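This briefing covers helix packing, the nonpolar core, the chain contact and some loop residues. The structure comes before the notes.

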Amino acid sequence: MNVFDVIVDMVPSGATVLDLGCDDCTLLERLHNERQVRGRGVDIDDRSIQECIRKGISVFHGNLDEGLKDHPTGSYDYVILSRTLQQVRKPHLLLDEMVRVGRQVIVNFPNFASLINRIQLGLGGRMPVNKNIPYSWYDTPNIHFFTRNDFVSLCREREITILREVILYRQRIAPPVLPNLLATEVCCLITKDGSAV
Amino acid sequence: MIPKTIGLVEPHQLSLSLPPEGLLLESGRTLPEVVVQYEMYGEPNGARDNVILVLHAFSGDAHAAGVHHDQEKRPGWWHDMIGPGKAFDTDRFCVVCSNVLGGCQGTTGPGSINPATGRPYGLDFPVVTLGDMVEVQRQLMESMEISRLYAVAGGSMGGMQALEWTVRFPEMVERAIVLASTSRLNSQGIAFNAVGRNAIMSDPLWNGGNYYGGPPPAQGLAVARMVGHITYLSSESMRQKFGRRFQTGRPGGLAFDDQFEVESYLSYQGEKFVDRFDANSYIYLTKAMDYYDLAESWGGMSAAMDRVQGALLVLSYSSDWLFPTEQSKEIVYALARAGKDVSFNEIQSPYGHDSFLLEASLQSELITAFLTGKKR
């Protein structure tokens, strides 16, 4: 069980999907095989692009920090951003762009407020390094640290509805009890308020 | 061990079998005879479904790989990409490249003999379009009994033809590779072509296009080529290649007998070009490029893209200012909106528009992945 299982579970068969920061298209390939989606990936890395092309998956070179201006409004059923929101320069603007381009959006991210992180920072006095955040502070792609509750309040601020929230604890789905304390990772299905669902 | 590369190759010529009225062109005019020069690398398989049609750029020709004789200094223009084990792998694919209609390297063009007069056409040659070139290529494929293409591929004007192929004959094209190209030239591109044509036409030897049998307008054509060459390079690649170094003479001399390296390079390119290219072809082919507008000829961009059936790979190059990335993106996002199978990458390269001829590694790998990867 991992977060890709959760995402695959959220996408209905035959949907159109845009996967931002698609890496080597592992997720898109699963969605192709298991959900018969029409999918497209976006990545900035040449090797990732090459691998997607080899797998026969449509992929574009793109820099997420430049937004999604070339993608028309509502042009995909689902826009996916997996474990990347904490790595872009302006997460709030990218979130706006995703709910514009996708009728629904799936976004997952590590919860910085999870118990293990609190212990490492609060009691240990050191920046957390663990399975969920496996980087030292000086060499990490993560440039924003935020919590499950921070994300919920950002969505409220930007008039985005959370349709579904899945809490993961160490790669397993956990019951939604004290999510901000217990979740190591969160996966949300969101949409812009007032847009047709 | 024998090095795995294409050695001696032979050009072929084929006369299209045309109806009595000749080849009908988009302009409404006809050509009574059309000869096509082409080369072939690798063999068609039994099902004849492994053919890749490679489309040359403006000043290219059918000689894409290998050499014509042992003394030939430079092999064909895409030798690095075509051959055993290369991106266009001739162990697996049969690669065909033909000279375009209106050209001057074996295919019928303004320098060919007009059967009606027994003299070269000159400006009596009808205006040809990129669509006409593609139609001639299709008829060449038909003569070779090839009804489906594994891929069409080209850069610059060749990429424009590859795009036209996917829209004009969608049922024939399984894959298209469009490099450093566009669905229509921007005004900057048209402007540079206009300067080239003006250089030729203002050479007194051009004589309204009637110079066959006498000296050609070499000076005008050389200047046109010099301008062209500047547009194929980038500011950075020129700085690296030439800087402000002097080739000859004493720097600062007042007799103007000194020459910067970049000057001598451009002169050399101009002179070399005159030996192999016809000035009238320069005019016809640049006009064909200028007029080309995919959206306009197919009732809008989305109508054009709706016709596409095959998969596309579109590549642009970061330092190409003649066919900038934005123009490739226009194609890519129009295809995406139409729900087509298209992949796009911008390759970081310092070589300007010429990158697609020079940048072998990543370009090769992406093309290999596209040609040999999974097709959905």
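In which loop of chain A does A:Q36 lie? A:Q36 is in the loop between α2 (26-35) and β2 (38-43) of chain A. This is a predicted model, in which local features need pLDDT of at least 70, side-chain atom pairs count only at pLDDT 80 or more, and totals for chains, interfaces and linings use all residues. Residues are numbered from 1 along each chain as its sequence is written, and chains are lettered from A and ligands numbered from 1 in the order in which they are written. Helices (H or I, at least four residues) and strands (E, at least two) are DSSP runs, numbered from the N terminus.

**Loop residues**

- A:Q36 is not a glycine, yet has a positive phi of about 50°.
- A:Q36 counts as exposed, with 12 C-beta neighbours inside 10 Å. By the cut-offs, a residue is buried if 20 or more other C-beta atoms lie within 10 Å of its own, exposed if 12 or fewer, and partly exposed in between, with C-beta atoms placed from the backbone.
- A:R170, in the loop between β6 (160-169) and β7 (172-174) of chain A, also is not a glycine and has a positive phi of about 45°.
- A:R170 has 13 other C-beta atoms within 10 Å and is therefore partly exposed.
- Most residues other than glycine have a negative phi.
- B:G111 sits in the loop between β8 (94-98) and β9 (113-114) of chain B and is buried, with 22 C-beta neighbours inside 10 Å.
- B:G111 touches B:C104, B:P120, B:Y212, B:D278, B:N280 and B:S281, residues up to four places away in sequence not being counted; contact requires C-beta atoms, placed from the backbone, within 7 Å.
- From B:G111 to B:G209 the C-alpha to C-alpha distance is 9.5 Å, with the two 98 residues apart in sequence.

**Helix packing in chain B**

- α3 (residues 187-201) and α4 (residues 218-232) of chain B pack at about 165°, with axes 7 Å apart. Axes are lines fitted to C-alpha atoms, for helices over the stretch in contact, and angles run from 0 to 180 degrees between N-to-C directions.
- α3(B) and α4(B) are therefore roughly antiparallel (angles over 145 degrees).
- The contact involves, among others, B:F192, B:V195 and B:A199 of α3(B) and B:L221, B:V223 and B:V227 of α4(B).
- By class, the contact of α3(B) with α4(B) has eight nonpolar, four polar and no charged residues. Ala, Val, Leu, Ile, Met, Phe, Trp, Tyr, Cys and Pro count as nonpolar, Asp, Glu, Lys and Arg as charged, and the others, Gly among them, as polar.
- The axes of α3(B) and α7(B) come within 10 Å and cross at roughly 160°, so this pair too is roughly antiparallel.
- The contact of α3(B) with α7(B) has six nonpolar, three polar and two charged residues.

**Nonpolar core**

- The largest nonpolar core has 159 residues; such a core is a set of buried Ala, Val, Leu, Ile, Met, Phe, Trp, Tyr and Cys residues joined through C-beta atoms within 7 Å.
- Helix α7 (residues 279-291) of chain B gives the largest share of this core, seven residues.
- A:V79 is among the residues with the most contacts inside the core, and its contacts include A:L18, A:L20 and A:M98.

**Contact between the chains**

- 22 residues of chain B are in contact with 17 residues of chain A.
- On the chain B side, α10 (325-337), β16 (342-347) and α12 (361-372) give two or more residues.
- That side has 10 nonpolar, four polar and eight charged residues.

Conventions: Parallel < 35°, antiparallel > 145°, perpendicular 65-115°, else oblique. Contact = placed C-beta atoms within 7 Å.
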